[in-house]
Amino acid sequence: MSSEMVPAIIETSNVERKQDLSEDQKESQKPRLDEEFEPISKRQMKKLIKQKQWEEQRELRKQKRKEKRKRKQLERQCQLESNSDGSDRKRIRRDVVHSTLRLIIDCSFDSLMVLKDIKKLHKQIQRCYAENRRALHPVQFYLTSHGGQLKKNMDENDKGWVNWKDIHIKPEHYIEFIKKEDLIYLTSDSPNVLKELDESKAYVIGGLVDHNHQKGLTYKQASDHGIDHAQLPLGNFVKMNSRKVLAINHVFEIILEYLETRDWQEAFFTVLPQRKGAVPTDKTCESSLHDKTSARVEGGLDSDSSEEETSRNELDSPHEEEKQDKENSTESTVHSTP
């Protein structure tokens, strides 16, 4: 073997060795199916799909936000043009008449709620604050027993609450600074029905979001403290498909609306959301009476008897019933005379 061929052979062997090493490195860098790609659960798969959809719809959301801003600008512009006298929010705020009624949200149930419900309570309190600020007859708004999870959540997610105006936020329980004889606890479990609002009183709303897990708790607290209690006259004016327990902000808004209109029915139907399926009680009675009447007519009853039965069912008060009874007895006496 010549001396010229030896370096060439060495160089070739070195190149082959490098190629083998690079191939080994590539093999080592390839992910092992058993180690890297573990089976994905359904929950993780859903999260990945949602994340993908979120990313895909980013531009669409951006466009919607732009359209919403433009729409609001147009609305403001139209409002300014329609107000030829130059009226605006500041002028309207001068017409506000503050009510002396005190409305308290009792936050002493903090330890009975999980964080998810605490966040819902915080949002409902924000709604109450906003509605009271824009109301024509704002109430004296109190937030009592403020602390624990609620305060922590507000500090973390709504630091501006410390600058809220026209609200009294106190760590003390309301019983410590308001006379007991001035207090009325609003609870759906109370047998007493509220007829009208006394603006010299302080009405308490239980700050409890529990999805009906703690039944009768606010009523029990009112009874234990020796406080008067009552429920809103919801059943007198409204027929609902769902249960009659209302959200905190709904109770708050109904009271604000009543102070403005002095009409319970109007207050209920202005505030209650459509999902509650609320209808006036008089319409419910009319529809049920119509159904009963048509059923009797189809059953072969004559028109006189059906009209008489309908007129009896349409009586709304015991006084009218007594009057009808007297008229019936008079008629029977007249018919019996020769």
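Colleague: Does Arg102 count as buried or exposed?

Modeller: Buried means under 20% relative accessible area, exposed over 50%, and partly exposed in between (1.4 Å probe, protein chains only). Arg102 has 19% relative accessibility and so counts as buried. This is a predicted model, in which local features need pLDDT of at least 70, side-chain atom pairs count only at pLDDT 80 or more, and totals for chains, interfaces and linings use all residues. Residues are numbered from 1 along each chain as its sequence is written, and side-chain values use heavy atoms, with hydrogens and water left out.

Colleague: With which residue does Asp182 form a salt bridge?

Modeller: A salt bridge is a side-chain nitrogen of Lys or Arg within 4 Å of a carboxyl oxygen of Asp or Glu. Asp182 pairs in this way with Arg102, their closest N and O atoms lying 3.6 Å apart. The two belong to distant parts of the chain, 80 residues apart: Asp182 is in the loop between strand S3 (167–169) and S4, and Arg102 is in strand S1. Helices (H or I, at least four residues) and strands (E, at least two) are DSSP runs, numbered from the N terminus.

Colleague: How many salt bridges does the structure hold?

Modeller: There are nine. In one of them, Asp166 meets Arg133, with the closest N and O atoms 2.7 Å apart. Asp166 lies in the loop between H7 and S3 and Arg133 in helix H6, so this pair ties together parts 33 residues apart in sequence.
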